[in-house]
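Please look over the sequence and the model before reading on.

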Amino acid sequence: MITRLRALREKYKISLAELERTADVCDQELSRLELGIRCRSQRREKRVGDALAALIAVRRAQVDALEQDYLNARGHLLEMVEGSLDEP
């Protein structure tokens, strides 16, 4: 048996470190929560849920930016460019 959080992390390739960056919970505590070593509480459930929602927002923004960059480069994907796409 695994927690739903662990199942979601595995399905969507979310590392503990990535989730930790958006949570007010260290990766060790996240791991303990997933393993059932730490007891569930409404406060922990909310913090982890809020962190996952924040991570979803970050990933959504990254995918939106990727889509825009792709649309701008479509038809020219194999052309050489100077620098990176992050530069103005």
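Ala, Val, Leu, Ile, Met, Phe, Trp, Tyr, Cys and Pro count as nonpolar, Asp, Glu, Lys and Arg as charged, and the others, Gly among them, as polar. The model discussed here is predicted.

Q: How many charged residues does the lining of the largest pocket have?
A: The largest pocket holds about 420 Å³ of space, and among the 15 residues that line this pocket, T3, R4, L5, R40 and E45 are the closest to its centre. Sorted by class, the lining has five nonpolar and four polar residues, and its charged residues number six.

Q: Which element gives the largest share of the largest nonpolar core?
A: This core has twelve residues, including L5, L30, L33 and V48. Two or more of the core residues come from each of helix 2 (16–22), helix 3 (27–35) and helix 4 (42–73). The largest share, four residues, is given by helix 4.

Q: Which residues does V48 touch, not counting those up to four places away in sequence?
A: V48 is one of the residues of the largest nonpolar core. With residues up to four places away in sequence left out, V48 touches L5, L30 and L33.

Q: Is E34 buried or exposed?
A: E34 lies in helix 3, and leaving aside its neighbours within four places in sequence, E34 is in contact with T3, L5, R6, R9 and L16. The cut-off for buried is under 20% relative accessible area. Because its relative accessibility is 6%, E34 counts as buried.

Conventions: Residues numbered from 1 in each chain as written. Predicted model: local features only at pLDDT ≥ 70, side-chain atom pairs only at ≥ 80, totals over all residues. Heavy atoms only, no water. Core = buried A, V, L, I, M, F, W, Y, C linked by side-chain atoms within 4.5 Å. Buried < 20%, exposed > 50% of the residue type's maximum accessible area, 1.4 Å probe, protein only. Contact = heavy atoms within 4.5 Å. 1 Å grid on protein atoms, 1.4 Å probe; cavity = no way out; pocket = protein on both sides within 12 Å on 5 of 7 lines; lining within 4 Å. Points joined across faces, edges and corners; volume = space filled by probe spheres on them.
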